[in-house]
Every structure is written in structure tokens, then in C-alpha cells.
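Subject: Structure for you to look at

Hello,

Here is the structure I said I would pass on. Please open it first, then read the notes below it.

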Amino acid sequence: MRTRPEKNLMFGFETAGGCAAVVVAALAAAALTEPQEPAKRLMILAVTTAVLARFLADWRACAAVAAFAAVVFVGFLANQGAVVSDVAPWPYIVLIGFAAVLGRGQRWMDAASEAPRDGGSATPVTARSRTSPS
């Protein structure tokens, strides 16, 4: 089991690495899409956030990276200088949060499926017959 300072150190590294990945994804989204296509840019950041949420071990790092992705989308990808759309970008960041929850849920499901059940038995449970024994 990790001690508290080691856990905080891993949180810092995971957050920094996740934020760096979000910056790379944002730069790729800005280079590959037109400024008038915020939906495509949002999807690129949402997919990046979901993948990062799946692989980040600390839930706090996941939340920090999702918040950073939302701020990068609103501040950098949706509002670029003079090119500001008529639609406010804030309601659309819910998709980034939803992607983070989906990625985290995938991580929890994998952890649950790897855990041994019924006192450590690794054998699968078979279905019982519906007929009553005679």
C-alpha cells in the first residue's frame, strides 16, 4: 500500500501528464478543424478525457484533468480571438464531464471483474436448472 506522500506525488504526476495530453489534443483539434466547427473540437477533447479517465489511477487527477479540458475547450478552442460563435460554449462542457464519468466507470468495471468472488474462487458460477429436484 502506498504511503500518503507517494500517493500525492503520483497525483501530481498523473495530473501533469493528463493536462499535457489535453494540451496536445487541443493543439491537434485546432490544427485539424476549422474555427467554425466547435462540435468536432469538443468531441476530440471529450474522447481524450474519456481515455485519460480510464487510465488515470487517482480519481482526483481524473477530476482535475476533466476540469482542465473543459477550461481549454472554452478558453482556447471555442473562443479564438475574433472568431467567437453566437452560441455560448459553457453548456457543451457537460459532454467532457460525461466522458470522464464513462471512462472512470470503465475503470471501475474492469476492477470489479478482476476481483475474485465468493471467497476467492475463480470458477464461474453456472445457472441452475428451473426444474425442482425430485
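Which residues have the most contacts inside the largest nonpolar core? They are Val-22, Leu-45, Val-65, Phe-73, Leu-77 and Ile-96, in a core of 20 residues. A nonpolar core is a set of buried Ala, Val, Leu, Ile, Met, Phe, Trp, Tyr and Cys residues joined through side-chain atoms within 4.5 Å. Buried means under 20% relative accessible area, exposed over 50%, and partly exposed in between (1.4 Å probe, protein chains only). Helices α1 (4-32), α2 and α3 (59-78) each supply at least two residues of this core, and α3 gives the most, with nine. Helices here are DSSP runs of H or I with at least four residues, numbered from the N terminus.

Before going further, note that this is a predicted model: local features need pLDDT of at least 70 and side-chain atom pairs pLDDT 80 or more, while totals for chains, interfaces and linings use all residues. Residues are numbered from 1 along each chain as its sequence is written, and side-chain values use heavy atoms, without hydrogens and water.

Leaving aside neighbours within four places in sequence, Phe-73 is in contact (heavy atoms within 4.5 Å) with residues including Pro-38, Leu-45, Tyr-92 and Ile-96. Glu-14, in helix α1, counts as buried because its relative accessibility is 14%. Among the residues that Glu-14 touches, not counting those up to four places away, are Leu-56, Asp-58 and Val-65.

Next, the charged pairs. A salt bridge is a side-chain nitrogen of Lys or Arg within 4 Å of a carboxyl oxygen of Asp or Glu. The whole structure has three of them:

- Asp-110 with Arg-54, at 2.5 Å from N to O. Asp-110 lies in helix α4 and Arg-54 in helix α2, so the pair ties together parts that are 56 residues apart in sequence.
- Asp-58 with Arg-60, with the closest N and O atoms 2.9 Å apart. Asp-58 is buried, at 9% relative accessible area, whereas Arg-60 is partly exposed, at 22%.
- Glu-37 with Lys-40, with the closest N and O atoms 3.3 Å apart.

Last, the surface. Met-43, Val-47, Val-51, Phe-55, Leu-95, Phe-98 and Leu-102 form a nonpolar patch, with about 690 Å² of accessible area together. Such a patch joins Val, Leu, Ile, Met, Phe, Trp or Tyr side chains within 5 Å, from residues with over 30% relative accessible area and no salt bridge; areas come from the Shrake-Rupley method with a 1.4 Å probe. Helix α2 gives the largest share of the patch, four residues. Phe-55 lies in that helix, α2, and counts as exposed because its relative accessibility is 62%.

Regards

Technical notes:
Patch = residues over 30% accessible without salt bridge, like charges linked within 9 Å, V, L, I, M, F, W, Y side chains within 5 Å.
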